[in-house]
Amino acid sequence: MDYYSIVSNVLDENEIIEFLKSLINTRSDYPPGDTRKIAELCANKLSDNDISCSIRVPDSSVRNPKDNNPSFMYPSVIAELGNGNGPTLLFNAHIDTVSSGDHSMWATDPFLAFQAYGNIYGRGAGDDKGSVCAQIMAAILLRRAGVPINGKLIINPVSDEEANSCRGAKWLIESNQLLPDMVIVGEQTNNRIAVAERAVVFVRITITGKACHGAMPWVGSNATVHMSDFIQAIKKEVIPQMESVKHPYLPLTTISPTHIDGGIQVNIIPEKCALELDCRLTPGVSEVELLDSFDRILRRLSHNKEQYQYEIEVTNSEKGVVTDTKIDSELVVSISEAYEKVMGKWPEYTGYMQASDGRVFARRQIPIVIFGPGDPKLGHSPNEFVPVSQVIEATKILAFTAIKLLAK
Ligand SMILES: [Zn+2]
């Protein structure tokens, strides 16, 4: 019998379902995103199945200034299989979730897993506990089946993804606690294979004009009007140029003004106006190019009749890193072959629309795939669910991928 058949034989669907339910029943919603209990649940499941693992806790120097919660609330798990004589494949999935939101919008208790219609409902069912479950169970099946791992498989349930990863994947990577050669990021793709992700760049523009009495606007320099001219110029000059860069699996570049704050009172011409932009860059469009185009427009407009000062800042931490893995890379080919074995057909490739922890690995320029059960449209919404069949299929596909890559 080959290892694929042995893994299939040792798979117990009920065990997978019960483990997913226990993950959902262990609250880890942000804020505050306290993952101590769920990290322990994952670590116990792995070590009970004879997989060595450790819990890593960031020290107090690793902080997220946005919430300032104590860093010990954000442990991550690192479990390992294999002899190390070969490549390292890493499974990443996040154990924190977003908040449940308005409970009256839920048909059931968001923190108590509920199984019906072939689905499991609850906060985090898809985002991201379905993937956490599939990745851990895949490793357990490999262990039980006695699959030899020539290299290393790291199972890495991480904290803090919903805050900004600085106490989770980003901390683990930057402190060199993880050195993978390839990564599978578990996020909801309906088990499609996502090979690309746009870069996320959050930009804040501040314009400083001159305040004066609202009755004599010609004496001042109205920062809000200047910002409006800037937004119009982006629409006319920047977006068409950036939309000319296309990618087979991703949407076009988007530049969205999302938050604007100008002026203090109705009868004062505003001195300051600040604008925040959510920019998602398709591979081929760089952050430098984006910021240069903003600077060019502002330099020109600020030297018109009413002069003003401006400032451009990037406000997110993982600036401008795209994921763009080649479909003929060994990782993509292996997961595709594993998919075909389980699903009976070759997969369709896709891009991942949101931002995943893939971006913190992308800086290392290693192959990254984003793959997991659940519909990405259901993440962060009430009555979130994951189809049981997809969790079982994902578990097998992940185990088979590890066999393809490491059991040589
Ligand atoms: Zn997620």
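Into which domains is the protein divided? The protein is divided into domain 1, covering 3-197 + 322-406, and domain 2, covering 199-314, with bounds that come from an automatic or database domain assignment. This is a predicted model, in which local features need pLDDT of at least 70 and side-chain atom pairs count only at pLDDT 80 or more, whereas totals for chains, interfaces and linings use all residues. Residues are numbered from 1 along each chain as its sequence is written.

The C-alpha centres of the two domains, domain 1 and domain 2, lie 38 Å apart. Their contact takes eight residues from domain 1 and seven residues from domain 2, where two residues are in contact if their C-beta atoms, placed from the backbone, lie within 7 Å. On the side of domain 1 that touches domain 2, strand E10 (193-197) and strand E18 (349-352) each supply at least two residues, and the largest share, three residues, comes from E18. Helices (H or I, at least four residues) and strands (E, at least two) are DSSP runs, numbered from the N terminus. By class, this side of domain 1 has five nonpolar, two polar and one charged residues; Ala, Val, Leu, Ile, Met, Phe, Trp, Tyr, Cys and Pro count as nonpolar, Asp, Glu, Lys and Arg as charged, and the others, Gly among them, as polar.

An open sheet is formed by three strands in the order E6-E7-E20, with antiparallel pairing. Strand E6 (114-116) and strand E20 (385-387) are the edge strands, each pairing on one side only, and neighbouring strands of this sheet are turned by 25° against each other on average, direction ignored. Two strands pair if DSSP finds at least two bridges between them; E6 and strand E7 (residues 119-121) pair over three bridges in the antiparallel sense, and Gln115 has Ile120 in E7 as its bridge partner.

Helix H4 (residues 125-144) packs on the sheet and touches E7 and E20, its direction making about 45° with that of E20. Helix H10 (residues 388-406) lies across E7 and E20 and runs at about 60° to E20. Axes are lines fitted to C-alpha atoms, for helices over the stretch in contact, and angles run from 0 to 180 degrees between N-to-C directions.

H10 also meets helix H2 (residues 13-25): the two axes come within 10 Å and cross at roughly 110°. H2 and H10 are therefore roughly perpendicular to each other, since angles of 65 to 115 degrees count as such, under 35 as roughly parallel, over 145 as roughly antiparallel and the rest as oblique. In this contact, Glu13, Ile16, Ile17 and Leu20 in H2 meet Val388, Val391, Ile392 and Thr395 in H10, a set with six nonpolar, one polar and one charged residues.

Some backbone values remain to be described. Most residues other than glycine have a negative phi, and most peptide bonds are trans. The table lists the exceptions described here.

| Site | Backbone value | Location |
|---|---|---|
| Tyr30 to Pro31 | cis, omega near -5° | Pro31: loop between strand E1 (29-30) and helix H3 (36-48) |
| Asp127 to Asp128 | cis, omega about 15° | Asp128: helix H4 |
| Asn68 | positive phi, about 55° | loop between strand E2 (52-56) and strand E3 (76-81) |
| Tyr117 | positive phi, about 55° | loop between E6 and E7 |

Asn68 counts as exposed because it has 8 C-beta neighbours inside 10 Å, and Tyr117 is exposed with 9 other C-beta atoms within 10 Å. A residue is buried if 20 or more other C-beta atoms lie within 10 Å of its own, exposed if 12 or fewer, and partly exposed in between, with C-beta atoms placed from the backbone.
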